Amino acid sequence: MRLAPIDLPTLIVLLTVCVYWTIVGAKVIRRRRATRKLSGVVPEQTLETLMALIWLPLVVAWVVLPWCALTHATGVLALPAFASSSVYAGLRWIAAAAGIAALYGSMRAWRQMGKHWTIAVTHDETSTLFTGGMFGRIRHPIYALSIVLMIATLVIVPTWPMLAVAVIHLALMVIKARNEERFLLAAHGEAYACYCRNTGRFVPFTAAARPR
């Protein structure tokens, strides 16, 4: 029996996404062991708790849908016919490279935050304001790179379920970014407001006058 050839862009983005969330999971465990608290790991705000209920199945879908695209030849979960066209194939390889670059950039941002990295807003700790490195132009480089990785996944796996996951992911990123900005504005006052006037939320040179 002859096996169908593996779609390499889909395999690459699947492995990239798996590595991304494996690192996030490891960082959550490491923080829990280091602090011996759930602070920064388990959401404290009602908003972030509701978001987490959506985020967890979304992450699962983010991993499962590329896998389904690799293993399904037909159906809504399979790659559409246009994905194998010569014109679109080049775009998929560019997206695969962008996904790997997003993973690398995320690792750099995580390393810059060090022990201050959290997955949830934490009220019982003094928040640290990062304004150098990748944070010098973008207020949320980790979220921005997560969006890049999601868009890369959608380009490589252009299915309707993947599109739905991408739209929800983008909405959650915007909501979470705005929520964190409100928290940091309350914690740092004018220093953070000035920082916002000189940085973009997800894209450089798109600064806002003041976070709402």
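In this predicted model, tyrosine 20 is in contact, beyond its neighbours within four places in sequence, with Leu103, Ser106, Trp110, Ile142, Ser146 and Leu149. Tyr20 also belongs to the largest nonpolar core, a set of 52 residues in which Tyr20, Trp55, Trp117, Ile142, Met162, Val165 and Phe202 touch the most other members. Two or more residues of this core are given by each of helix H1 (8-35), helix H2 (46-71), helix H3 (86-113), helix H4 (141-156), helix H5 (160-188) and helix H6 (190-197), and the largest share, 10 residues, comes from H4.

Helix H3 was then considered along its length. Just after H3, a positive phi of about 55° is found at glycine 114.

Attention was also given to the second largest pocket, in which about 450 Å³ of space lies. Its lining is made up of 19 residues, and those nearest its centre are Pro5, Asp7, Ala69, Leu70 and Leu79. H2 and H3, both of which also give residues to the core, each supply at least two residues of this lining. By residue class, the lining of the second largest pocket comprises 14 nonpolar, 3 polar and 2 charged residues.

Terms used: Residues are numbered from 1 along each chain as its sequence is written. This is a predicted model: local features need pLDDT of at least 70, side-chain atom pairs count only at pLDDT 80 or more; totals for chains, interfaces and linings use all residues. Side-chain values use heavy atoms; hydrogens and water are left out. A nonpolar core is a set of buried Ala, Val, Leu, Ile, Met, Phe, Trp, Tyr and Cys residues joined through side-chain atoms within 4.5 Å. Buried means under 20% relative accessible area, exposed over 50%, partly exposed in between (1.4 Å probe, protein chains only). Helices (H or I, at least four residues) and strands (E, at least two) are DSSP runs, numbered from the N terminus. Contact means heavy atoms within 4.5 Å. On a 1 Å grid over the protein atoms alone, a cavity is a set of points where a 1.4 Å probe fits but cannot get out, and a pocket is an open set with protein on both sides within 12 Å along at least five of seven lines; lining residues have an atom within 4 Å of a point. Grid points are joined across faces, edges and corners, and a volume is the space filled by probe spheres set on the points. Ala, Val, Leu, Ile, Met, Phe, Trp, Tyr, Cys and Pro count as nonpolar, Asp, Glu, Lys and Arg as charged, and the others, Gly among them, as polar.
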